[in-house]
Amino acid sequence: MSTEAPHHTVDVPYLARLARLELTQEEIDLFGGQIGRVLDHVEQMNKLDITGIEPTAHAISVFDVIREDEVTESLPKATILGNAPHNANGLFLVPKVLD
Amino acid sequence: MSSFVPFRSIAETRRLLLSKEISPVDLIEGLESRIAAVDPSIGAYIERDVETAKKEAAAADLSKPLGGIPIGIKDAISVAGQPLQSASRILDNYTAPYDATAVAHLRAAGAVPFGRLNMDEFAMGSSTENSAFQLTRNPWDTGRIPGGSSGGSAAAVASGMALATLGSDTGGSIRQPAALCGCVGLKPTYGRVSRYGLIAFASSLDQIGPLTTTVEDSALLMNALAGRDPHDSTSLDLPGEDFTAEIGKDLKGLRIGVPKEYFVDGMEPGVRSAVDAAVKQIESLGAEPVEISLPHTEYAVAVYYIIATAEASANLARFDGVRYGRRSSEAKDLQALYAKTRAEGFGREVKRRIILGTYVLSSGYYDAYYLRAQKVRTLIRRDFDQAFAKVDAIISPTSPETAFRFGEKTDDPLKMYLADIFTIATNLAGICGLSLPCGFSNRDGVDLPVGLQLLGRPFGESRLLRIAHAYEQSTEWHKRRPAL
């Protein structure tokens, strides 16, 4: 692995908060350097003149796909709730949100 | 009564099933004993439900095109009633509530889903070393990786533990492991196969496809997999197509593009010589090689790791410990529940990509990274549009090197990302691509398979399969088997 410090630095604890992802100090230090090096590589895109180029979100153009609004069977409630870590009375349970 | 023989093709197995020389239940039992004997040294399968497969095999309708054929399924693709985890601890205890449309289509063609196959967690990786469960070993040298992310799907086919498998390909995850293990892997055109029931990694790039021992088998599976699905608005409504229709036709009059950017210094010499020989072989079969240029190739990895991580950070937001999978027992409030569940459930590469994806989408950086990457993506697409105006297909190595050793790239994510340099542009452009065996490269005294990549214009799978089949039948590479 390259030991040279990357040109790019990222605020990993801030990004981890945005991503709702708790990281250890070791992960924060490790990812900071690795992501910085990936961004150094990505910088080569700046060489290109992209004036007037349209962005591509999907390779094959997707247009609005409209269907009839028909009532169909849904998946059984018990099957879906059965996959939840905690459920009761037909609801997903989470820790208390309001005091 | 005939017994199960590993490496028999689907086409040959179907003949034996129809003549009643073997039964679908014999096949499951034969496969299971082969897996029990071989998989302890490979590690392709996470799990198998033999009893359910035998029941379904006993009821299989042999009059259907894939009647009685067992198909192994990557752990990212839903099989109703079976565990599904994308090789991640965050999906502990999750059972797929429904069949992925690809699986439903296989069932409708008479096939029997059998076995969950190992992969890189959430399909993020090129070596299957990122699985939360186990290593998968390359059948040609068990000290080496099988490629990834569909490493289990490729290793199972290449070691005679599956007739065929499903994988998914976001940046090469079907083609690269197929190349490194020595089998046939096809990434269909984006929109050809429904993504419904595939655990999403990068939705604008993901596509399900088959891994098989022969090109003909790949076409047989595509006949079942392709088609419009109301559950996936990006699946396209195209006229029904028989993907075997062009198989057996010769290559006279076809023009094959040889992109100079894919034949660069630094490639493993044995890969270079095998692919050069394959180009000559295809020429001797009547096709005309034409030098072409795909000038934006060098930007593909950069564009990919912005777009794929951005999409992944959004897609993986759904794993929050509330509706499915694992939940941290440490959390006292909702914010901590999300953060701790994700900390415990995701592996290191997944966390790294979520952070990178969050960065490129974050306020102040969106235009510089995500939007710019989408514009360069347009340039990469145009490269292929211009090339396909001149040629019927493009030929290249699938990977710049053969299978590397465990741990060789795990400390350096960028090095691992660059392993996908020849496969990534395909997904960005949405075109179809196929890898098939084209020889061996001797690395440290061991012969390791080399993959030949063929790329086709959107919805050009039948043409690719024709070229691949003609090449395959004119060589002996697909007949070589690893010593297991």
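Tutor: Happy to! The largest nonpolar core holds 170 residues, and Ala300(B), Val303(B), Ile306(B) and Ile355(B) have the most contacts inside it. Helix H9 of chain B, residues 300-315, is the biggest contributor, giving eleven residues. A nonpolar core here is a set of buried Ala, Val, Leu, Ile, Met, Phe, Trp, Tyr and Cys residues joined through C-beta atoms within 7 Å. Buried means that 20 or more other C-beta atoms lie within 10 Å of a residue's own, exposed means 12 or fewer, and partly exposed is in between, with C-beta atoms placed from the backbone. Helices (H or I, at least four residues) and strands (E, at least two) are DSSP runs numbered from the N terminus.

Please keep in mind that this is a predicted model, so local features need pLDDT of at least 70 and side-chain atom pairs count only at pLDDT 80 or more, while totals for chains, interfaces and linings use all residues. Residues are numbered from 1 along each chain as its sequence is written, and chains are lettered from A and ligands numbered from 1 in the order in which they are written.

Chain A puts 45 residues into the contact and chain B puts in 58 residues. On the side of chain A that touches chain B, helices H1 (12-18), H2 (25-42) and H3 (77-82) each supply at least two residues, and H2(A) gives the largest share, eight residues. That side of chain A is made up of 31 nonpolar, eight polar and six charged residues; Ala, Val, Leu, Ile, Met, Phe, Trp, Tyr, Cys and Pro count as nonpolar, Asp, Glu, Lys and Arg as charged, and the others, Gly among them, as polar.

H2(A) packs against H9(B) at an angle of about 130°, with the axes 9 Å apart. The two are therefore oblique to each other. Axes are lines fitted to C-alpha atoms, for helices over the stretch in contact, and angles run from 0 to 180 degrees between N-to-C directions; under 35 degrees counts as roughly parallel, over 145 as roughly antiparallel, 65 to 115 as roughly perpendicular and the rest as oblique. The crossing of H2(A) and H9(B) is left-handed, a term for a near helix turned anticlockwise from the far one by less than a right angle, with right-handed for clockwise. Val38(A), His41(A) and Val42(A) meet Ala302(B), Tyr305(B) and Ile306(B) there, and the residues of this contact divide into five nonpolar, one polar and no charged.

H2(A) also meets H11(B), residues 348-361, with axes that come within 10 Å and cross at roughly 60°. H2(A) and H11(B) are therefore oblique too, but their crossing is right-handed. From H2(A) come Glu27(A), Phe31(A), Gln34(A), Ile35(A) and Val38(A), which meet Lys351(B), Arg352(B), Ile355(B), Leu356(B) and Tyr359(B) in H11(B). This contact has six nonpolar, one polar and three charged residues.

Ile77(B) has 28 other C-beta atoms within 10 Å, so it is buried. Although 122 residues separate Ile77(B) from Ile199(B) in sequence, their C-alpha atoms are 6.4 Å apart.

Asn93(B) lies in the loop between E2 (70-74) and H4 (101-108) of chain B and has a positive phi, near 70°. With 14 C-beta neighbours inside 10 Å, Asn93(B) counts as partly exposed. Asp444(B), between strands E10 (432-443) and E11 (446-456) of chain B, also has a positive phi, about 50°; Asp444(B) has 9 C-beta neighbours inside 10 Å and so counts as exposed. Finally, the peptide bond from Gly148(B) to Ser149(B) is cis, with omega near 10°. For background, most residues other than glycine have a negative phi, and most peptide bonds are trans.

Notes. Two residues are in contact if their C-beta atoms, placed from the backbone, lie within 7 Å.
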